[in-house]
Amino acid sequence: MVGRLDGKTALITGGARGQGEAEARLFAEEGANVMVTDVLDDALGDIVKSIGVRARGTRADASSEADWARAVDETLAAFGRLDILVNNAAIYRVGPIEQERLEDFNRVLSVNLTGVFLGIRACIPALRAAGGGSIINISSVAGLEGFAGHAAYGSAKWGVRGLTKIAALELGQYGIRVNSVHPGAIDTEMIRPYARDGADRGAAYPIARIGTPTDVAQLALYLASDESTYVSGAEITIDGGLAAGSPMVAVRS
């Protein structure tokens, strides 16, 4: 099936690499115009150029209210409408609570949670003017259960989960659907410094491999498309079965 996003315009944050890049490429392949934002200037320019005429890019910090206003304005100026918002931008850090500095904790929240709030708020008028649309908030399995060492990251991703449900309740009247996606371990530059090396990565998961950015992009595509017009307020895991429970009690036939 091709052309699943024909006539639609998407704004994707953190799109210069990883999951955001995969989403931008796939959405464009499926007929969407895409506005890609990031703070990685060189990578952003390369991605937009490689996607081609369906893509534009603008430097934007997800935690900046002014950058959000400009990104929406540039999207409308370039493509005339906005139908899809993917709140993908995030930063990642781990460490015990006792050693966590307040400024580091707040910085993670400012991008990973406040940035999602700012994005939703900034895009509502354009989505409403388009007759509705889809907001896809990228959370994490760390937003579904606790992980030691993830005080800042986990707090933000739990917040994204709750914010998603509130936005779904408020925006449904405008035909705007809001859902959260909860990836497990995905092979991206963001987590690679913290991930185990070797062939056993993901071996303990029910689906015994680590996830790819394309895995997440395919789920985002479904939520962005008209195939999911009755899906809102949902939290969807994409984690190889990690959140289903302990693999220690799995029974293999």
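A nonpolar core is a set of buried Ala, Val, Leu, Ile, Met, Phe, Trp, Tyr and Cys residues joined through side-chain atoms within 4.5 Å, where buried means under 20% relative accessible area with a 1.4 Å probe, protein chains only. You are looking at a predicted model, in which local features need pLDDT of at least 70, side-chain atom pairs count only at pLDDT 80 or more, and totals for chains, interfaces and linings use all residues. Residues are numbered from 1 along each chain as its sequence is written, and side-chain values use heavy atoms, leaving out hydrogens and water.

Start by selecting F27, V34, I84, I136 and V181: in the largest nonpolar core, of 32 residues, these touch the most other members. Next, colour helix 6 (213–224), which gives this core 7 residues, the most of any contributor. Helices (H or I, at least four residues) and strands (E, at least two) are DSSP runs, numbered from the N terminus.

Strand 1 and strand 2 are parallel partners over 5 bridges; select T13 and you will find T37 of strand 2 opposite.

Finish with I136. Beyond its neighbours within four places in sequence, its contacts (heavy atoms within 4.5 Å) include I84, V86, N179, V181 and L223.

Note on methods:
Buried means under 20% relative accessible area, exposed over 50%, partly exposed in between (1.4 Å probe, protein chains only). Two strands pair if DSSP finds at least two bridges between them.
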